[in-house]
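Welcome, and thanks for taking a look at this one. Here is a short briefing to read alongside the sequence and the model.

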Amino acid sequence: MVQNVASEMAALEAEDFYLLSGVEQGMRFSEWVAREKLPDFADLTEEEVDYRLDRCERRGLIERKTIQYEGFRLTFEGYDALALHTFAERETIDGVGAPLGVGKESDVYEVSSYTPLALKYHREGYTDFREVNRGREYTADHEHVSWMYTARKAAEREYEALETVYPDVSVPRPVDQNRHAIVMERVDGVELGRAKLEDGQVLGVLDLVLAEMGAAYDAGFVHADMSEYNVFVHSDGVTVFDWPQAVSTDHANAEELLARDVENVVGYFRRKYPHHVDGVDTAGLASAVAGDFESVRPFLDREGG
């Protein structure tokens, strides 16, 4: 598990960030950055590099490995620190609070600003880089990529999708993005997979989710990873989140991915609420979502309840 570096930020000095940025720059060319290259990358003297390396290593922001040479690389904590430093310089956030969610591919924290916001760090590649990389559109054309590149591209892809579909689609309002991190509106609600819908709510909530998918398609994007785990249900409706795998509607597989999203969402409702959602013409429903969707009801073989 990646540790929250927010508590270390006050102790870090400008030169520490020069060093971290230098290691980051060097990692564009090699997984491990040779010690002798760091003065140039970081624009620090050799003595200052040695001092900063010790400070940052003690805080878990970099790691050292002696192979054919003494090499250094950022940890995810070091990458987090660089993103946080940038957000602070931009005055995007004032501080980091409690975790809102920790998952396999992202960590989300509450942050203080002019309004309550959420900070999301992408963690793609942290646990199994090759497996994550294999299934990601944004790394498909790159044979040699690092976890750092994979996580950054995921954040860029998600932020682009959020900026494009907001506010026409109910998604968290995007605020800022740097490296592998996104600052966005904090949304309070219950994850669809944990929500206990009343009989009279089931089809209505399903309609709301499908309508948001249709609005996203109209705005030019397919989510491409829809499930009960990335929809919040709240008093104002639903909010769809987690968009790093989104593809544009002119993508060669956009219709196939939309059909899969529809099948995933309907499949969840079919499993959890079989008396209300049983047989569904998902192919016809997907076409409607891409066109002029109004309700799931015409596509049901039968309605329960």
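At what angle do the axes of α1 and helix α3 cross, and within what distance do they come? The axes come within 9 Å and cross at roughly 90°. Please keep in mind that this is a predicted model. The points below start with that helix pair and then turn to a sheet.

- Helix α1 covers residues 14-26, and its 13 residues reach 19 Å from the first C-alpha to the last, close to the 18 Å expected at 1.5 Å a residue.
- Buried residues in α1 are Asp16, Phe17, Leu19, Leu20, Gly22, Val23, Glu24 and Gly26.
- Helix α3 spans residues 46-58, and its axis crosses that of α1 at roughly 90°; because angles of 65 to 115 degrees count as roughly perpendicular, α1 is roughly perpendicular to α3.
- On the α1 side, the contact is made by Glu15, Asp16, Leu19 and Leu20, while α3 brings Glu48, Val49, Arg52, Leu53, Arg55 and Cys56.
- The residues of this contact divide into five nonpolar and five charged, with no polar ones.

**The three-stranded sheet**

- Three strands form an open sheet in the order β9-β11-β12, and their pairing is antiparallel.
- β9 (190-191) and β12 (237-240) each have a single partner strand, so they stand at the edges and one side of each is left without a neighbour in the sheet.
- Strand β11 (residues 231-234) pairs with β12 in the antiparallel sense over four bridges, and His234 stands opposite Gly237 in β12.
- Helix α7 (residues 202-219) packs on the sheet and touches β11 and β12, its direction making about 40° with that of β12.

Methods: Residues are numbered from 1 along each chain as its sequence is written. This is a predicted model: local features need pLDDT of at least 70, side-chain atom pairs count only at pLDDT 80 or more; totals for chains, interfaces and linings use all residues. Side-chain values use heavy atoms; hydrogens and water are left out. Two strands pair if DSSP finds at least two bridges between them. Helices (H or I, at least four residues) and strands (E, at least two) are DSSP runs, numbered from the N terminus. Contact means heavy atoms within 4.5 Å. Axes are lines fitted to C-alpha atoms, for helices over the stretch in contact, and angles run from 0 to 180 degrees between N-to-C directions. The expected span of a helix is 1.5 Å times one less than its number of residues. Buried means under 20% relative accessible area, exposed over 50%, partly exposed in between (1.4 Å probe, protein chains only). Angles under 35 degrees count as roughly parallel, over 145 as roughly antiparallel, 65 to 115 as roughly perpendicular and the rest as oblique. Ala, Val, Leu, Ile, Met, Phe, Trp, Tyr, Cys and Pro count as nonpolar, Asp, Glu, Lys and Arg as charged, and the others, Gly among them, as polar.
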